[in-house]
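Good morning, and thank you for coming.

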Amino acid sequence: MATLIETTTRNDWTREEIADLFDLPFDELMYRAQTVHRAHHAPSEVQLCTLLSIKTGGCPEDCGYCSQSVAADSGVKATKLMDVQAVLQRAAEAKDAGSQRFCMGAAWRNPKDRDMDAIIQMIAGVRGMGMETCMTLGMLTPEQAQRLGEAGLDYYNHNIDTSPERYGDVITTRTFGERLDTLENVRSAGINVCCGGIVGMGETRADRVGFVHALATLPRHPESVPVNALVPVKGTVLGDMLADTPLAKIDDIEFVRTVAVARITMPLSMVRLSAGRESMGEATQALCFMAGANSIFTGDKLLTAGNRGDSADAALFAKLGVRPMEAPEPMRVCEAAE
């Protein structure tokens with residue numbers, strides 16, 4: 001007898017239900033994920049996004065995975081905020097290469113008010129090109145979020161990174177609750193949320209269950225959910241840890257399971273296959289698309305880490321019969337929370 005697969009959106013997932021999804025036979029999990037995906041998204045379409053570091057290095061946070069932290073001995077040098085016109089030039093190049101969304105990231109704990117005018121100009125300029133805009137600038141005050149919302153920012157990225165229980169082992173300079181506070185400020189300002197995390201940081205499957213649970217039980221699911229595979233960087237806490245204990249790295253099938261569970265529990269979200277693709281084989285990426293991933297970062301660089309590059313992506317898409325989504329009009333900002 002066929003299993004009835006639920007395709008509706010829920011915010012009341014339990015950890016037990018999510019753990020049961022992870023435990024499904026792989027073919028059954030993929031079938032369910034693909035069924036949910038096709039109920040809400042066009043099959044074989046993937047959104048192309050580009051990520052630019054508009055301010056690199058010197059971040060006071062101690063995130064154990066990040067080469068841009070002042071606590072890391074990674075060799076990344078701190079830079080000033082990029083000039084607005086230089087950012088817009090890179091956005092124009094990304095659009096010419098087929099990107100529909102331009103994401104801008106600054107290595108800050110939080111933006112300073114003196115930087116906001118330039119940030120607003122970047123948003124206006126990218127939107128004027130007909131691209132969706134996304135920013136990741138660290139923690140935001142309600143007032144800063146409101147300014148970004150009024151400027152028309154489409155998405156704000158602020159990842160929870162991992163499960164609430166694992167969080168303190170990865171970051172000590174801000175709390176999991178502070179992450180949620182920024183998400184609430186973003187929602188209240190009428191900006192769509194981009195929020196996901198990183199797997200392969202030596203966590204357990206229970207941590208991956210907790211990570212998905214934290215996202216899937218938010219009052220409103222993130223419109224974008226990036227799932228990153230840790231890129232171990234020498235000189236970072238986690239990069240050095242994985243160099244000493246390589247078995248801690250997540251295996252490909254478990255990574256695909258994580259993508260599939262994210263798709264099932266957050267059916268309307270864009271699930272982005274993010275950092276770590278450079279080291280993934282084509283078969284693993286293909287499985288991720290089958291599991292419901294429908295967004296990627298293009299180009300040969302993600303902030304300070306490598307990426308596969310446009311030609312490699314085009315070749316893979318041709319093999320799989322995958323097509324880039326057509327560029328939409330800049331997304332209307334969601335209604336502010338009551």
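One convention is needed at the outset: angles under 35 degrees count as roughly parallel, over 145 as roughly antiparallel, 65 to 115 as roughly perpendicular, and the rest as oblique. Please also keep in mind that what you see is a predicted model.

Let me begin with α2 and α11. These two helices pack at an angle of about 55°, with their axes 9 Å apart. On the α2 side the contact is made by Phe-26, Met-30 and Gln-34, and on the α11 side by Leu-287, Phe-289 and Met-290. Sorted by class, this contact of α2 with α11 has five nonpolar residues, one polar residue and no charged ones.

Helix α2 has another partner, helix α10, which spans residues 252-265. Here the angle is about 35° and the axes are again given as 9 Å apart. The crossing of α2 and α10 is left-handed. From α2, the residues Phe-26, Leu-29, Met-30, Arg-32, Ala-33, Val-36 and His-37 take part. They meet Ile-253, Val-256, Arg-257, Ala-260, Val-261, Arg-263 and Ile-264 of α10. The residues of this contact divide into 10 nonpolar, one polar and three charged.

I now turn to the pocket. Which helix or strand gives the most to the lining of the second largest pocket? The answer is α2, with four residues. Each of α2 (26-40), β1 (45-55) and α11 (282-290) supplies at least two residues of that lining. The second largest pocket holds about 240 Å³ of space and is lined by 15 residues. Nearest its centre lie Gln-34, Ser-44, Phe-289, Met-290 and Val-322. Gln-34, Phe-289 and Met-290 have already been named in the contact of α2 with α11.

Helix α4 (residues 116-128) and helix α5 (residues 142-150) pack at an angle of about 30°, with their axes 10 Å apart. Because angles under 35 degrees count as roughly parallel, α4 and α5 are roughly parallel to each other. Their crossing is right-handed. In this contact, Met-116, Asp-117, Ile-119, Ile-120 and Ile-123 of α4 meet Gln-144, Arg-147 and Leu-148 of α5. The classes here are five nonpolar, one polar and two charged residues.

Thank you for your attention.

Notes
Residues are numbered from 1 along each chain as its sequence is written. This is a predicted model: local features need pLDDT of at least 70, side-chain atom pairs count only at pLDDT 80 or more; totals for chains, interfaces and linings use all residues. Side-chain values use heavy atoms; hydrogens and water are left out. Axes are lines fitted to C-alpha atoms, for helices over the stretch in contact, and angles run from 0 to 180 degrees between N-to-C directions. A crossing is left-handed if the near helix is turned anticlockwise from the far one by less than a right angle, and right-handed if clockwise. Contact means heavy atoms within 4.5 Å. Ala, Val, Leu, Ile, Met, Phe, Trp, Tyr, Cys and Pro count as nonpolar, Asp, Glu, Lys and Arg as charged, and the others, Gly among them, as polar. On a 1 Å grid over the protein atoms alone, a cavity is a set of points where a 1.4 Å probe fits but cannot get out, and a pocket is an open set with protein on both sides within 12 Å along at least five of seven lines; lining residues have an atom within 4 Å of a point. Grid points are joined across faces, edges and corners, and a volume is the space filled by probe spheres set on the points.
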